[in-house]
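Please read them with the model open.

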Amino acid sequence: KIKKKSEKERILLIGDSAIEGAGYNFDQTLAGLLKKKLINKYEILNSAVGSYSPSIYYAKINHFINEGYIFDKAIIFLDPSDVIDELFINHDENGNIIVPKRKKDKVGNFLINNFLTFRVFVIFTDYVENIKNFVKLKYKYSKKFNKKFLKTTLEDAMFYRMIYVDRSAWTFDENFFPNYQEGLQKSEIYMNKLIKLLKNNNIQINFVLYPHPSQIFYKDKYHRPYWINWAKKNNINYIDVYSEFIGKDKRLNILDTFIFGDLHWNKKGTKIIFDKLVSEIF
């Protein structure tokens, strides 16, 4: 049970799947590490959920504040994929999020849950899809890095997946960027609302920018510069963690700090973020 007021200083984490801790048990996530380190003085509350974006950050925190919950510090983590997620959220004329009704495939679920043949078929089609995707990644890597297809490895294919996934390609590829400009503008509108809400309730604000693998490998032209400028314009304390992930061997750095084939930090990457927060904020 979360009380409305804490005897300790209360820190609220705001973000999406990276902050939720995708792939790890709680004690290995950023929230878990912070709780262990700061338990004597602070209470850590983690509001992050996968695929959240600024309008949901605002709606959720506004709800809890209206319910009477008190927070002392907020740490906002803005992910490059937030801009894409924001594009798929619709609002009514009052700015409230419209939650679409999900259609349930009752027939399909019944067949899968009750007949072994259908369950095996689903597993088989998933397996075939994985092989198809792997072959496509091998081909794309071999073409991009001028390496023979048959000599392209699993690591090569997964590395390509990490650095050129659509969810962050917009940050460096001028061909992708125009498709996501609207998401960037919508994100700023709700980030402004969130900042105003936190300031009106005397909540100390820290704003964290961190990279996806692609932004380590390529130069981030659109995401990082945009939000650094936004933080300066709004006089917000921002923490830039990009440099901590970038070394001489970019490929080695990426494979060393992210889950293999994925956009989320591994344990080492999470520790980098944790150490930065401890030194900058605490």
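1. Start with a helix pair. The axes of α2 (residues 30-38) and α14 come within 10 Å and cross at roughly 45°. Axes are lines fitted to C-alpha atoms, for helices over the stretch in contact, and angles run from 0 to 180 degrees between N-to-C directions. Helices (H or I, at least four residues) and strands (E, at least two) are DSSP runs, numbered from the N terminus.

2. A word on the basis. This is a predicted model, where local features need pLDDT of at least 70, side-chain atom pairs count only at pLDDT 80 or more, and totals for chains, interfaces and linings use all residues. Residues are numbered from 1 along each chain as its sequence is written, and side-chain values use heavy atoms, without hydrogens or water.

3. Which residues meet? L30, L33, L34 and K37 of α2 contact T270, I273, F274, L277 and V278 of α14 (contact means heavy atoms within 4.5 Å).

4. Now the sheet. Five strands form an open sheet in the order β2-β1-β3-β6-β7, with parallel pairing (a pair needs at least two DSSP bridges). β2 (42-46) and β7 (237-240) are the edge strands. The twist averages 20° from one strand to the next.

5. β6 (residues 204-209) pairs with β7 over four bridges, in the parallel sense. N206 stands opposite N237 in β7.

6. Helix α14 (residues 267-281) also lies across β3, β6 and β7, at about 145° to β7.
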